[in-house]
Amino acid sequence: MPRLDVREMPPPERHSEIHDAFAELDSGEVLELVNDHDPKPLFYEMQAEVESFDADNYDVEQEAEEKFVATFPKK
């Protein structure tokens, strides 16, 4: 499963990097995202704009104070 840790990236660059990484996935693959906050706004963005995003199987867990791990599955 591809993993992208964006915690060290400048915030303005994060969404484009995530979208690029998601676009490279094959159908049925999952992008694991590590972020310093709950990526709920990104979830809504992907749900509204990316037809191949499988919102029903999205998941996020807070592993530490500033470590959220989310899975973004591709249909």
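This is a predicted model: local features need pLDDT of at least 70, side-chain atom pairs count only at pLDDT 80 or more; totals for chains, interfaces and linings use all residues.
Colleague: How many bridges join strand 3 to strand 4, and which residue is the bridge partner of Glu61?
Modeller: Strand 3, residues 59–64, runs antiparallel to strand 4, and five bridges join the two. A hairpin of two residues also leads from strand 3 to strand 4. Within this pairing, the partner that Glu61 finds in strand 4 is Val69.

Colleague: Is Glu32 buried or exposed?
Modeller: Glu32 is found in strand 2, residues 30–35, and, leaving aside residues up to four places away in sequence, it touches Met1, Pro2, Arg3, Leu4, Val69 and Ala70. Its relative accessibility is 16%, and because the cut-off for burial is under 20%, Glu32 counts as buried.

Colleague: With which residue does Glu32 form a salt bridge, and how far apart are the closest N and O atoms?
Modeller: The salt bridge of Glu32 is formed with Arg3, and the closest N and O atoms are 2.4 Å apart. Because Glu32 lies in strand 2 and Arg3 in strand 1, the pair ties together parts that are 29 residues apart in sequence. Arg3 is partly exposed, with a relative accessible area of 47%, whereas Glu32 counts as buried. The partner asked for is therefore Arg3, with a separation between the closest N and O atoms of 2.4 Å.

Colleague: Where is Arg7 found, and which residue forms a salt bridge with Arg7?
Modeller: Arg7 sits in the loop between strand 1 (3–5) and helix 1 (11–23), where it is partly exposed with a relative accessible area of 30%. Its side chain makes a polar contact of 2.6 Å with the side chain of Asp5, and Asp5 itself counts as partly exposed at 37% relative accessibility. The salt bridge, with its closest N and O atoms 2.6 Å apart, joins Arg7 to Asp5.

Colleague: What separates the C-alpha atoms of Arg7 and Asp56?
Modeller: Not counting residues up to four places away in sequence, Arg7 touches Arg14, Val34, Asn35, Asp36, Glu66 and Lys67. Asp56 lies 49 residues from Arg7 along the chain, and the separation of their C-alpha atoms is 25 Å.

Colleague: Which residue forms a salt bridge with Asp36?
Modeller: The closest N and O atoms of this salt bridge, which Asp36 makes with Arg14, are 3.0 Å apart. Asp36 lies in the loop between strand 2 and helix 2 (40–49) and Arg14 in helix 1, so the pair ties together parts that are 22 residues apart in sequence.

Colleague: How many salt bridges does a search of the whole structure find?
Modeller: Those already discussed include Glu32 with Arg3, Arg7 with Asp5, and Asp36 with Arg14. For the whole structure, the search finds a total of four.

Notes. Residues are numbered from 1 along each chain as its sequence is written. Side-chain values use heavy atoms; hydrogens and water are left out. Helices (H or I, at least four residues) and strands (E, at least two) are DSSP runs, numbered from the N terminus. Buried means under 20% relative accessible area, exposed over 50%, partly exposed in between (1.4 Å probe, protein chains only). Contact means heavy atoms within 4.5 Å. A polar contact is a pair of N or O atoms within 3.5 Å; within protein, one must be able to donate a hydrogen and the other to accept it, and residues adjacent in sequence count only if both atoms are side-chain atoms. A salt bridge is a side-chain nitrogen of Lys or Arg within 4 Å of a carboxyl oxygen of Asp or Glu. Two strands pair if DSSP finds at least two bridges between them.
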